[in-house]
Amino acid sequence: TTPKSNGAPPLPPGPRGLPIVGYLPFLSRDLHKHFAKLARTYGPIFKLQVGSQVHVVVNTLDLAKTVVRDHDKTFANRQPSVAAATSSYGSQDIVWSNNNSYWRDLRKILVQEIMNSKSLEACRSFRRDEVRKTIRRVYDSIGTDIDINEISFSTEANVLTSIIWENTTAEGANDSDLVAELQTIVSEILELVSEPNASDLFPSLAWFDLQGIERKTKKKLDQLDRIFTRIIDDRIEFNSKRSDGAVVEHEGKKDLIQTLLDLMEEKKATSLNITQIKALLLDIMFGGTDTTATTMDWAMAEVMQNVKVMKRVQEELAEVVGLNNIVEESHLPKLKYLDAVIKETFRLHPVLPLLVPRSPIESCKVGGYTIPKGCIVLVNVWAIQRDPQNWDNPLEFNPERFLADKWDYKGNDLRFFPFGSGRRMCPGVPLAEKMVVYILASLLHSFDWTLPKGEKHDLSEKFGFVLKKSKPLVAIPSQRLPNVNLYM
Ligand code: HEM
């Protein structure tokens with residue numbers, strides 16, 4: 001890396017790859033760990049030339065701060081892979097859109113219609129109904145294997161679908177078959193998005209779609225699209241049959257489909273069309289379900305492995321909620337220890353270990369190096385949250401560190417930013433936080449949990465866009481509360 005003739009600092013150092021393929025043959029599957037290892041050789045910021053694409057990886061708090069806070073605006077574009085772009089109607093969603101007025105408008109709709117406190121309050125009963133349904137379902141399966149990821153996914157997916165199309169007239173639109181179908185498609189698309197794809201590394205080859213990833217992703221998107229189309233068409237038809245022009249509301253609020261159709265009609269939102277509405281629905285289903293379920297998986301696994309933590313969580317629940325009561329949302333702010341347990345889970349197991357890649361709109365200086373315009377910047381939040389510079393005994397699961405009130409999910413203190421930071425940070429935090437705390441509190445209050453016979457505690461990871469447990473947690477519930485009516 002020699003200095004450039006125009007006096008700009010050099011590109012970051014990095015391992016040498018082979019000509020043409022670049023570093024590709026040397027990349028291991030566990031990229032987040034591999035990157036932490038490379039940082040020990042090349043320093044905290046390094047470059048990987050993979051195919052024709054330059055990737056820059058930042059691995060320390062200070063460098064992350066330069067990217068996501070100090071130069072937030074410069075690094076506010078995305079650089080979607082072929083699969084990511086295909087799965088989002090050509091980057092027409094929030095996650096993969098570049099930083100522009102369309103992205104801002106769409107993000108604003110999500111925040112205003114779902115994530116502000118009034119909207120969240122209006123759908124409180126959805127959360128309550130779904131969590132109670134889950135408790136009943138687990139109760140009916142007492143003594144048998146429960147897949148924590150699966151029940152968390154369906155709880156969250158049911159809440160989200162209620163928010164999106166609660167008042168739909170489609171026969172059984174909220175039925176469990178549909179949620180199961182969504183779950184399968186979402187997981188399959190995420191697998192495709194996580195797979196290394198030659199088309200991304202050699203754009204000149206993209207046309208050939210050598211691994212068929214683009215074709216497979218398109219097929220999955222078509223399946224999702226058919227579900228969305230049916231729901232939207234049903235609504236339009238239902239509205240057209242109402243002579244008074246009124247729309248159905250839930251606790252004084254329209255559901256999201258209705259809100260979006262109305263915005264489209266009023267042309268308030270810049271050129272919102274049906275495809276863009278679907279892209280927003282996609283973000284909600286993708287953004288909310290697998291992330292929440294994966295967090296639950298990690299949290300339960302950590303708590304079950306740490307007997308003292310489990311004991312303390314259940315003591316707190318007995319004190320705040322009481323053994324003759326079930327968990328309600330009003331209890332959640334008082335569950336300080338449980339909140340610390342969840343934050344510690346997010347620290348050790350950030351669901352998106354490299355966030356969502358950012359890309360600079362112009363060349364920019366970071367850590368004394370030039371980050372070239374249009375490259376792919378990966379922020380290794382996984383490594384930063386385990387960095388001994390930032391945390392004592394970083395590998396130990398110790399919720400005590402989060403008992404001080406100062407910690408939140410806003411990404412202001414970059415020792416801890418599992419939802420990202422800056423203008424592209426996760427807009428779903430208010431709902432995600434509520435759901436994770438509520439589901440975990442309910443499962444741990446209503447049941448005691450053990451591992452199936454012969455199973456060992458296992459916290460190994462499987463790298464992907466979403467960092468999952470290599471084997472989803474299966475656990476066996478037993479009744480904890482004395483009164484059976486609390487499960488009905
Ligand atoms: C445990 C749950 C969740 C976790 C850990 C999580 C994490 C993240 C992270 C790390 C990012 C990237 C931030 C960055 O690039 O700096 C992100 C972006 C995003 N998340 Fe979440 N998220 C969760 C739940 C949700 C929910 C419930 C929704 C919506 C219903 C959502 C919607 C989005 C969207 C739309 C983006 C893209 C934002 C943009 O590019 O402007 N997420 N999330």
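**Entry 1: the ligand**

How many residues surround the ligand, and which are the closest? I looked this up in a predicted model. I found 26 residues around the ligand, with G287, G288, G420, C426 and G428 the closest. Helix 12 and helix 16 are the elements that give two or more residues to this shell. Helix 12 gives the most, with seven residues. I also sorted the shell by residue type and got 15 nonpolar, eight polar and three charged.

**Entry 2: the core**

Next I went for the largest nonpolar core, which has 121 residues. V58, A64, V67, V377, V379, L440 and A441 have the most contacts inside it.

I picked V379 and asked what it touches, leaving aside its neighbours within four places in sequence. The contacts are V58, A64, V67, V68, L354 and L355.

**Entry 3: strand 6**

V379 took me to strand 6, residues 376-379. Is one face of this strand covered, or both? I checked each side: I376 and L378 are buried on one, and V377 and V379 are buried on the other, so both faces are covered. Strand 6 pairs with strand 2 (residues 53-58) in the parallel sense, over four bridges. For V57, I found L378 in strand 6 as the bridge partner.

I then looked at an open sheet of three strands, in the order 3-10-7, with antiparallel pairing. Why do strand 3 (146-147) and strand 7 (447-450) count as edges? Each has a single partner strand, so one side of each is left without a neighbour in the sheet. Zooming in, I saw strand 3 pair with strand 10 (residues 474-479) over two bridges, in the antiparallel sense. D147 stands opposite V474 in strand 10.

**Entry 4: helix 14**

I counted 13 residues in helix 14 and got 19 Å from its first C-alpha to its last, close to the 18 Å expected at 1.5 Å a residue. Its buried residues are L338, D339, A340, V341, I342, E344, T345, F346 and R347. I noticed charged names in that list too, including D339 and R347. Among the elements covering these buried residues are helix 12 (274-305), helix 13 and helix 16 (429-446).

L355, one of the V379 contacts, is in the loop between helix 14 and strand 4 (364-366). L355 has 24 other C-beta atoms within 10 Å, and buried means 20 or more, so it is buried. Its phi is near 50 degrees, a positive value in a residue other than glycine.

With 9 other C-beta atoms within 10 Å, N393 is exposed, whereas L355 is buried.

Conventions
Residues are numbered from 1 along each chain as its sequence is written. This is a predicted model: local features need pLDDT of at least 70, side-chain atom pairs count only at pLDDT 80 or more; totals for chains, interfaces and linings use all residues. A residue is buried if 20 or more other C-beta atoms lie within 10 Å of its own, exposed if 12 or fewer, and partly exposed in between; C-beta atoms are placed from the backbone. Two strands pair if DSSP finds at least two bridges between them. The expected span of a helix is 1.5 Å times one less than its number of residues. Two residues are in contact if their C-beta atoms, placed from the backbone, lie within 7 Å. A residue is near a molecule or strand if its C-beta atom, placed from the backbone, lies within 6 Å of it. A nonpolar core is a set of buried Ala, Val, Leu, Ile, Met, Phe, Trp, Tyr and Cys residues joined through C-beta atoms within 7 Å.
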